[in-house]
Amino acid sequence: MKRLAKLVLIAVVVNMIAAGQNYFATVLKSSGTVLVRPSGETEFNVDAEMGMGLHVGDAILTGEDGFIAVIFTKDKSLVKIRKDSEVTIREEYSVRTVKINQGRVLASVTPGVKGAFRVETPTSVASVKGTKFWTVTNSQYGDRFYGVEGNVNVMNLVTGVETNLAPGQMVISTPQGQIVNMPVDESEIPVDPDDAPTPEPEPQVQPEEEQVYQPQPQTTQPGAAEAAAAPSEMPATEVAEPLEKSGGKPFGMGLGLGSVTIDNKIYNQIALRPEFRFGKLAIALDVAIYMDEQGKIREEEWDEISDYIDKFYYIRWAQPGDPFFAKLGAMDNTTLGYGILMNGYSNTTEYPQVRKVGIHTGMQMEKLGWEAFVANAKEITGPGLLATRVTYKPLKKLPLRVGGTVVADVYPYKGLPDSDEDEVADALDMYPGKDDNVVIDSLRNNFSVQQRKYLRSIGYDMPSETIIDQGITRLSDYDRIMSGALAVDVGMPVLNMKFLKLDVYGQAASFIPREDSAYVFNPSSGEYEGEAFTPGFGFAVPGVHANLFRIANLTLEYRYAGKNFLFGFWDRVYDYERVQIRDNEIYTKQQMKLQQDQMQGIFGAFDVNILNYIILGSYYQHMFSAGTEIKSFMATASLPKGKIPKLADATAFYQRNNDENPFLFKKPSENTILGYKVGFELGGGAVIYYVFQKTYRDFDGSGSINPKTESVSITTIETGFSF
């Protein structure tokens with residue numbers, strides 16, 4: 001109360017002074033480094049002081065320790081400008097504008113004022129009549145608006161998309177035209193220190209320095225709409241959850257109970273999955289114990305140093321869209337550019353049977369940005385799947401962005417399991433637990449051909465003479481067939497109407513030309529036969545993305561695929577198709593999937609939010625040539641949290657790419673992947689999750705899938721807790 005009374009007294013005195021001087025606004029409070037640039041001048045050369053008058057067109061710059069509160073003379077509206085901010089105040093034709101070039105500002109607008117009050121940033125405009133809200137802006141990465149009181153209309157200046165900000169909500173507006181509205185917890189909204197309770201200082205103790213709140217981006221869980229949406233250059237909205245002393249959650253715990261299949265054996269699973277968050281830093285662990293039917297713990301999970309590295313599910317700093325971000329560990333959904341090469345890739349499709357440590361990092365500057373991606377750091381000596389991307393915005397006034405992407409799987413054979421690390425794939429390993437190369441060398445050097453024939457005749461298990469002479473089971477003896485490709489893209493918004501927003505883009509890609517050998521099944525001979533081929537190129541021009549009535553998104557592309565080219569080659573199921581065994585021979589996805597004729601067709605994606613009760617998404621691709629058709633299909637559905645009592649999460653998906661008929665649901669192929677996740681609130685912060693995922697593998701090499709015997713299912717039941 002004493003603090004409030006003091007502020008009221010200061011406001012009265014300051015306004016009496018301002019009225020006498022006829023100032024537009026007056027400094028109510030100032031601390032730290034705060035400079036003013038008078039209207040018409042080019043430099044910030046005046047120190048701000050309490051009671052100082054401000055004129056229309058004056059600009060304010062706060063340092064890293066600066067804070068200033070400004071009250072407007074006419075209607076007593078108030079703005080509080082935090083550290084590291086640059087703000088200009090203007091008024092034209094009864095429209096008052098607070099222009100924020102950078103920083104954090106709390107606006108408290110007096111209800112019933114005459115004229116309009118706007119907060120403008122390089123990305124957005126917020127219009128109000130009487131309300132209280134926070135604006136957090138960065139010219140490179142966009143804005144975040146937090147509603148405290150009243151309602152605010154927020155419009156993205158790039159696309160013209162608008163939304164309403166209500167109390168307890170946050171709006172994210174990006175320089176690429178994306179605008180997202182979501183609820184936030186009260187503890188996640190930036191704190192006004194003047195409203196926060198301050199304990200009375202004890203005698204002889206100096207009061208603590210005012211804590212300047214630094215709002216952090218909040219977490220948005222990836223949902224069906226994100227998975228189904230067409231690839232875009234918009235930065236992800238999934239960002240770090242704020243962790244403040246005033247109610248953040250720096251620790252969460254998940255408990256996994258269920259069964260998993262590892263090396264074709266079923267184990268009972270008990271897994272602790274804690275997540276520790278410290279501002280932008282997050283560390284998630286997966287400490288799992290697997291027990292067989294006799295209650296024995298699977299020791300293979302604890303007998304090597306690398307096993308302890310596997311206990312880290314991920315380590316993350318910030319999120320894509322921040323000035324710098326980095327993530328190490330699980331990569332659940334990665335798309336580069338508009339997705340012509342890498343679209344929805346995941347290194348967790350075989351988790352926990354196969355644990356991979358991915359790396360995704362990048363930096364975004366005003367014009368230039370870059371990303372680097374490694375699917376599995378354990379294969380870095382191979383190396384394995386790598387990617388990089390660079391973007392550039394050449395013009396200041398035109399929102400045109402040009403990008404380039406390179407993706408390469410330098411050594412696909414690293415995708416074959418090799419338990420004893422003898423460079424012989426487990427599927428070809430004649431001596432599990434031993435180094436096949438040592439055994440074969442011993443047979444070659446110590447036994448003659450006749451002796452080896454005799455040993456075979458009496459039933460001794462021995463490799464063929466071809467294997468002994470040529471050593472063809474060594475992975476190192478196979479050619480390093482690199483699956484590599486280059487892509488370029490360009491995009492910009494072209495239409496901005498209330499009911500229709502339209503962007504256009506184009507993208508093109510080419511696999512790195514080199515002669516390869518694909519193997520296809522010949523029904524007449526009953527064998528896989530090789531045919532030389534050279535990977536090709538493709539393009540999608542034009543590409544159109546439309547937002548309809550602010551609730552639906554539609555994407556259409558004309559696609560042309562030259563001979564031996566596939567769109568989205570590195571997709572969600574790539575790790576399943578990366579390398580396979582057929583008749584004791586090793587074939588990569590490039591050899592198995594890229595041999596096709598020149599094709600053309602269409603790609604379409606659609607997602608819709610139905611009254612915020614259900615979110616549906618899908619994409620469909622139809623490519624055709626003389627006598628050949630290839631189709632792809634994906635569908636997702638999700639229910640937002642809070643729409644059904646006790647339902648914390650509900651998401652389902654089905655995907656089948658590059659198939660003759662992706663709608664033969666009863667006859668799946670190796671391109672099929674489906675699953676769901678359902679979470680129920682138990683009370684007390686606990687949520688139980690049911691997670692299911694199924695894929696299919698042609699284990700017998702017959703060329704067709706038996707759904708009953710050739711499916712790979714992963715089912716887990718987890719209980720999550722937040723503390």
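This is a chat about the predicted model shown above.

Visitor: How many helices and strands are there in the protein?
Guide: The predicted model has eight helices and 42 strands.

Visitor: And how much of the protein counts as buried?
Guide: Of its 723 residues, 47% are buried. The accessible surface is about 34900 Å², with 57% of that belonging to carbon and sulfur atoms.

Visitor: What about contacts between residues 24 or more positions apart?
Guide: They make up 54% of the contacts in the protein with a separation of 6 or more.

Visitor: Switching to rings. How many aromatic pairs does the structure hold?
Guide: There are 25 aromatic pairs. One of them joins phenylalanine 24 and phenylalanine 72.

Visitor: Why is that pair edge-to-face?
Guide: The planes of phenylalanine 24 and phenylalanine 72 stand at 70 degrees, and over 60 counts as edge-to-face. The ring centres are 5.4 Å apart.

Visitor: Where do phenylalanine 24 and phenylalanine 72 sit in the chain?
Guide: Phenylalanine 24 is in the loop between helix H1 (2–21) and strand S1 (25–31). Phenylalanine 72 is in strand S6 (residues 67–72).

Visitor: What lies over the face of phenylalanine 72?
Guide: Arginine 96, at 4.4 Å from the ring centre. In another such arrangement, lysine 327 lies over the face of tyrosine 314, at 4.9 Å from the ring centre.

Visitor: Back to arginine 96. Which residue does it form a salt bridge with?
Guide: Glutamate 91, with the closest N and O atoms 3.6 Å apart. Arginine 96 is buried, at 5% relative accessible area. Glutamate 91 is partly exposed, at 23%.

Visitor: Which arginine and aspartate meet in a salt bridge at 2.9 Å?
Guide: Arginine 389 and aspartate 489. Arginine 389 is in strand S26 and aspartate 489 in strand S28 (residues 483–496), 100 residues apart.

Visitor: Is arginine 389 buried or exposed, and why?
Guide: Arginine 389 is buried, because its relative accessible area is 2% and the cut-off is under 20%. Aspartate 489 also counts as buried, at 7%.

Visitor: Which residues do salt bridges with shared partners join into one network?
Guide: Lys74, Asp75, Glu91 and Arg96. The count of salt bridges comes to 15.

Visitor: On to the surface. Which residues form the nonpolar patch?
Guide: Trp317, Phe324, Met363, Met365, Leu368, Trp370, Val390 and Tyr392. Together they have about 680 Å² of accessible area. Strand S25 (368–374) and strand S26 (385–392) are the elements that give two or more residues.

Visitor: Where is methionine 365 found?
Guide: In the loop between strand S24 (358–364) and S25. Methionine 365 is partly exposed, with a relative accessible area of 35%.

Visitor: What about threonine 334, buried or exposed?
Guide: Threonine 334 is buried, at 5% relative accessible area. Its place is in the loop between strand S23 (324–329) and S24. Leaving aside residues up to four places away in sequence, threonine 334 touches Met342, Asn343, Gly344, Tyr345, His360 and Phe373.

Visitor: Which cluster do ring pairs link Tyr345 and Phe373 into?
Guide: A cluster that also includes Phe511, Phe565, Phe567, Phe569, Trp570 and Tyr574.

Visitor: Last one. Where is threonine 121?
Guide: In the loop between strand S10 (116–120) and strand S11 (124–128). Threonine 121 counts as buried, at 1% relative accessibility. Threonine 121 and lysine 99 are 22 residues apart in sequence and 5.8 Å apart in space, C-alpha to C-alpha.

Technical notes: Residues numbered from 1 in each chain as written. Predicted model: local features only at pLDDT ≥ 70, side-chain atom pairs only at ≥ 80, totals over all residues. Heavy atoms only, no water. Helix = DSSP H or I, 4+ residues; strand = E, 2+ residues; numbered from the N terminus. Buried < 20%, exposed > 50% of the residue type's maximum accessible area, 1.4 Å probe, protein only. Contact = heavy atoms within 4.5 Å. Areas by Shrake-Rupley, 256 points an atom, 1.4 Å probe, with all protein chains shown as cover. Phe/Tyr/Trp six-rings, centres within 6.5 Å; stacked < 30°, edge-to-face > 60°. Lys NZ or Arg CZ within 6 Å of the ring centre and 35° of its normal. Patch = residues over 30% accessible without salt bridge, like charges linked within 9 Å, V, L, I, M, F, W, Y side chains within 5 Å. Salt bridge = Lys/Arg side-chain N within 4 Å of Asp/Glu carboxyl O.
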